[in-house]
Amino acid sequence: MSVTIKDTTAHAIICGAVRYYMGRHTIAAHGVAYDLIKLIPQMTPKTKAVLDRDISHWLHENPFCTYGSVNDRAPWVLLRDALRDSEVVA
């Protein structure tokens, strides 16, 4: 299924989802982060910059985020690094 939405709507959905899922300690959070990595080529520079800022801030504020066998930082580090590797984030 393919859905077409405005860039501003996509920005709100993507940034909102990341802000909601960071630190939730669920497998869903990992799924969101890994799925967003696949969408990076379709993201606007603004969305990439906001995600980089929000994720970097959260990682700084949560240096240790392991609960049981779940490392909740790992997928967000991967997403942040993939955003930075996309060479579009300032």
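This is a predicted model: local features need pLDDT of at least 70, side-chain atom pairs count only at pLDDT 80 or more; totals for chains, interfaces and linings use all residues.

**The largest pocket and the core**

Let me start with the largest pocket, which is lined by 15 residues, with Ile-5, Ala-10, Ile-14, Leu-39 and Gln-42 lying nearest its centre. A pocket here is an open set of points on a 1 Å grid over the protein atoms alone, where a 1.4 Å probe fits, with protein on both sides within 12 Å along at least five of seven lines, and lining residues have an atom within 4 Å of a point. Residues are numbered from 1 along each chain as its sequence is written, and side-chain values use heavy atoms, with hydrogens and water left out.

Helix H1 (7–21) and helix H2 (27–39) each supply at least two residues of that lining, and the largest share, six residues, comes from H1; helices are DSSP runs (H or I, at least four residues), numbered from the N terminus.

Turning to Ser-56, which lies in helix H3 (residues 45–61), its side chain makes a polar contact with the side chain of Arg-84 at 2.8 Å, where a polar contact is a pair of N or O atoms within 3.5 Å, one able to donate a hydrogen and the other to accept it, and residues adjacent in sequence count only if both atoms are side-chain atoms. A polar atom of the Ser-56 side chain also lies 2.8 Å from the backbone oxygen of Asp-52.
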